[in-house]
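Visitor: Please show me the model. I would like to ask a few things about it.

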Amino acid sequence: MKIENLLDFRDIEKCPRLVIKLGSALLVHGDGELRHDWLRSVASEVAGARERGQEIIVVCSGSVALGAAMLGLPGGGRESLAHAQAAASVGQVFLIATWAQLLAEHGLVAGQMLLTLDDLEGRRRYLNASETLRELLARGAVPIINENDSIATSEIRFGDNDRLAARVAQAASAQGILLLTDVEGLYDRDPAHPEAEFLPEVRGVTEEIHQMASGKSSSGKGSGGMTSKLLAAEIAERAGIALAIIKGVDDLPIACAMAANRGTLFLPKRDDNAWKSWIGGRLRFNGSIRVDQGCVTALHDGKSILAAGIIGVFGEFERGDVIKVEGPDGKMIAKGMIEYDWDECDAIKGLRSDEVAERLGHLPRACVIHRDHLVLL
């Protein structure tokens, strides 16, 4: 059974494992103080879900905003990377201590996990994180997860906890993700527009859907916005995970959204296997190859990428890296695990199979990216 509506996120049969993401705007007042009563109400909802038999993982923003207030840093701690890292270091201690206290009131144990992009981009560390999540859940703990802002830099950070929530859900084999934010869901244009229409359901995030979003965080406290939520929905749908955006401002926000049946539900359009799901969720790449239109057509027919279809090689990747695949116009059309180093790819691009062996001086691999290691976007 799969999730088909908002109420299904509370159904133990359809959603035995759920990821809940809380945005900074919900967690922190304008003066940087924690919304303690609101967070207590969320903790009670987590406890209620656990009583139903659901396993819950919480991805919680707010450490930078909280730490900035405690340290007296200007601009909410986001005027410089050093400010953000210092604020996160202080704020995270307070945040996890609060979670531990609130969950303990319900007899629950909190477990902390701080992650960076590398933790979920490298296959081995991804599997380690996955195993830790499973063990925490098996032991009855509630994992509280945040990006490790105290050490993350612009090169390695997720940039928002929406995508982090999707990657965590993927690693934990969750069935659903609830993104709690300060808006009630996706509109077809700026919600302030008098003709804006609310979208209760989306099946597949398309370019048209992306055009409806704003990349700005409405509160100024977070680093995401509707664009980041759509990117999270893309990761989720590729893994066969349902995701919903709901308004989380009020106390008991999940119960309120369910009672009103109000939110935007993103239903997966496909369900890749675990390996392809991991490839499809990759966010960082060491390079890319560009292919011709004939290759693009072949990919949609289920074929692999051969050297003959490659027209450009960019970056310095190694065999086994997951790289971007671009169409003739430079737009990313797929992600895949490459079978050659970048310099070999550059040497054999555009060549037929018999020419590849002659150019390299050894028996080549059957393809540059095999279809089993390729995810179309």
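Guide: First, a term: buried means under 20% relative accessible area, exposed over 50%, and partly exposed in between, with a 1.4 Å probe and protein chains only. This is a predicted model, where local features need pLDDT of at least 70, side-chain atom pairs count only at pLDDT 80 or more, and totals for chains, interfaces and linings use all residues. Residues are numbered from 1 along each chain as its sequence is written, and side-chain values use heavy atoms, without hydrogens and water.

Visitor: Is lysine 229 buried or exposed?
Guide: Lysine 229 is found in helix α9. Helices are DSSP runs (H or I, at least four residues) and strands are too (E, at least two), numbered from the N terminus. The relative accessible area of lysine 229 is 6%, so lysine 229 is buried.

Visitor: Which residues is serine 228 in contact with, leaving aside its neighbours within four places in sequence?
Guide: Serine 228 also lies in helix α9 (residues 226-238). Contact means heavy atoms within 4.5 Å. With those neighbours left aside, the contacts of serine 228 are Asp160, Asp162 and Arg163.

Visitor: How many residues of strand β1 are buried?
Guide: Strand β1 spans residues 17-22. Arg17, Val19 and Lys21 point one way, and Leu18, Ile20 and Leu22 point the other way. Both sets are buried.

Visitor: What is the bridge partner of leucine 18 in β5?
Guide: Two strands pair if DSSP finds at least two bridges between them. β1 and strand β5 (residues 176-181) run parallel, joined by five bridges. In β5, leucine 18 has as its partner glycine 176.
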